[in-house]
Amino acid sequence: MKADEKNIRPIWFDNDSETVKIIDQRLLPHEFVITDLSTADDVIMAIKEMYVRGAPLIGVTGAYGVYLAAVHSKTEDELIRECERLKAARPTAVNLVWGVDKVLSEVLKKENVSERIDTARKEAAVIAEFEAENCRKIGEYGVSLIEAISRKKHGKPVNLLTHCNAGWLACIEYGTATAPMYAAYEKGIDIHVWVDETRPLNQGARLTAWELGRHGIQHTVITDNAGGHLMQHGMVDMVIVGTDRTTYTGDVANKIGTYLKALAAKDNNIPFYVALPSTTFDWTLRDGLAEIPIEERDPDEVRYIQGADHTSPLKACGQEISPDEIKYVQNSEQHTIRSVLVPPENSPAANYAFDVTPARLVTGFITERGSCKATEEEIKRLFPD
Ligand SMILES: CSC[C@@H](O)[C@@H](O)C(=O)COP(=O)(O)O
């Protein structure tokens, strides 16, 4: 998708340097930095530390991790061990296991090392294209739902609400939850998106707002707790979120706080849709609450909050600034990304990264094969294979 007027993806293979390149999402929207991944360890670190994040992108990054592991492994056993480490980098998004296993199974069909390396690189690229195409189709199917609301509202703006970032940064192109939004925008449908900030790492405020803004889509960042109020006052027409793992019975694990949005949507009769590619279904799990592993991350992500500081260090240290100077500093590109502590120094914090929304709260799924209800029968009707 377009960033800085160029078409760019969150991950790609660079033929000249023979490295995998990624956008470092930890620094967005304030800094746009591209980083190289040269080893499987780099990939594991980038996934754990969330340079890259979002279920489909984690899957593609893991797939490129197999390529890098194939380049550096001396034996087949070592390659398989590296793949196990890749799969364990983050626990909730099922796409990671899917991407790594898919590439590894193709690689192991080849005998010689250079064929294995070639196969791994090509397969990772195939998965990237597959996910991009999945998201394009999700947009095509999802836009009809937005169009129907727009017709009912006689062309008045359709107010959508989304949580976290399920945009192209989390996928390869288009995004999952955002794909119908981009498609609606292309069709000239008047939309406005409420963007949950999504504490603790603010993927909504930092990433979704950046994506939508660059595309020219009207949006407003809101606190995570605002959605219920907006729904009670008729200010939300539809909720669309992504997912990290969905059971074949329709239970959805997504960014922490998604469940509360689904409850509020149910109470206010607002359609709550989950957009996902088939690679995010876990065909082995029946009961999402009991069986989906929920990642617990470093409590410091809750205790500290990160942002751009537009005051120079000297000015931050208490020097007087004239109003003219403040304007100058804020308009300039100069800033420092800082983390600041929010709670008392000694207060413990807990950081559950995902929650499970039971199928009964989900109005429907938007997939690359069309939309369906969140039931086992309907899911299997769309995906008999
Ligand atoms: C299309 S991405 C769907 C999900 O991966 C997304 O909503 C999400 O929860 C991402 O969580 P993150 O912790 O940023 O990886």
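Is Asn 202 buried or exposed, counting the other C-beta atoms within 10 Å? Asn 202 is buried, with 20 other C-beta atoms within 10 Å; a residue is called buried at 20 or more such atoms, exposed at 12 or fewer, and partly exposed in between, with C-beta atoms placed from the backbone. The model is predicted: local features require pLDDT of at least 70 and side-chain atom pairs pLDDT 80 or more, whereas totals for chains, interfaces and linings use all residues. Residues are numbered from 1 along each chain as its sequence is written. Helices (H or I, at least four residues) and strands (E, at least two) are DSSP runs numbered from the N terminus.

**Seven-stranded sheet**

- Seven strands make up an open sheet with mixed pairing, in the order β8-β7-β6-β9-β12-β17-β18; two strands pair if DSSP finds at least two bridges between them.
- The edges are held by β8 (219-222) and β18 (370-372), each of which has a single partner strand, so one side of each lacks a neighbour in the sheet.
- On average, neighbouring strands of this sheet are turned by 25° against each other, direction ignored.
- Strand β17 (residues 364-367) runs parallel to β12 and is joined to it by three bridges.
- Gly 364 in β17 is the bridge partner of Tyr 273.
- Helix α5 (residues 113-152) lies across β6 (158-162), β7 (191-196), β9, β12, β17 and β18, and runs at about 135° to β17. Axes here are lines fitted to C-alpha atoms, for helices over the stretch in contact, and angles run from 0 to 180 degrees between N-to-C directions.

**Four-stranded sheet**

- A further open sheet has four strands in the order β13-β10-β11-β16, again with mixed pairing.
- Its edge strands, β13 (281-282) and β16, each pair on one side only.
- Strand β10 (residues 245-247) and β13 run parallel and are joined by two bridges.
- Thr 247 has Asp 282 in β13 as its bridge partner.
- Helix α9 packs on this sheet, where it touches β11 and β16, and its direction makes about 30° with that of β16.

**Helix α9**

- The buried residues of helix α9 (residues 258-267) are Thr 258, Lys 261, Ala 262, Ala 264 and Ala 265.
- Viewed down the axis of α9, these buried residues fall within an arc of 165°, so they line one face of the helix. The arc is that of the directions from the helix axis to the C-beta atoms.
- An α-helix has 3.6 residues a turn, so residues three or four places apart point the same way.
- The cover over the buried residues of α9 includes α8 (227-232), β9 (238-241), β11 (252-255), β12 (272-275) and β16 (354-357).
- Asn 269, which follows α9, has a positive phi near 55°.

**Ligand surroundings**

- The ligand is surrounded by 18 residues, the closest being Arg 53, Ala 166, Ala 170, Gly 242 and Lys 255. A residue is near a molecule or strand if its C-beta atom, placed from the backbone, lies within 6 Å of it.
- At least two residues of this shell come from each of α2 (55-72) and β11.
- By class, the shell holds eight nonpolar, seven polar and three charged residues. Ala, Val, Leu, Ile, Met, Phe, Trp, Tyr, Cys and Pro count as nonpolar, Asp, Glu, Lys and Arg as charged, and the others, Gly among them, as polar.

**Surroundings of Tyr 185**

- Tyr 185 belongs to helix α6 (residues 179-186) and counts as buried because it has 20 C-beta neighbours inside 10 Å.
- Apart from its neighbours within four places in sequence, Tyr 185 is in contact with Ile 191, His 215 and Ile 217; contact requires that the C-beta atoms of two residues, placed from the backbone, lie within 7 Å.
- Tyr 185 and His 215 are 30 residues apart along the chain, and their C-alpha atoms are separated by 9.0 Å.

**Backbone features in loops**

- The peptide bond from Leu 28 to Pro 29 is cis, with omega near 5°; Pro 29 is placed in the loop between β4 (19-23) and β5 (34-37).
- A cis peptide bond also leads from Arg 199 to Pro 200, with omega near 10°.
- The loop between β7 and α7 (203-215) contains Pro 200, and Asn 202 lies in the loop between β7 and α7 as well.
- Asn 202 has a positive phi of about 60° although it is not a glycine.
- Met 50, likewise not a glycine, has a positive phi of about 65°. Met 50 is in the loop between α1 (40-48) and α2, and counts as partly exposed because it has 18 C-beta neighbours inside 10 Å.
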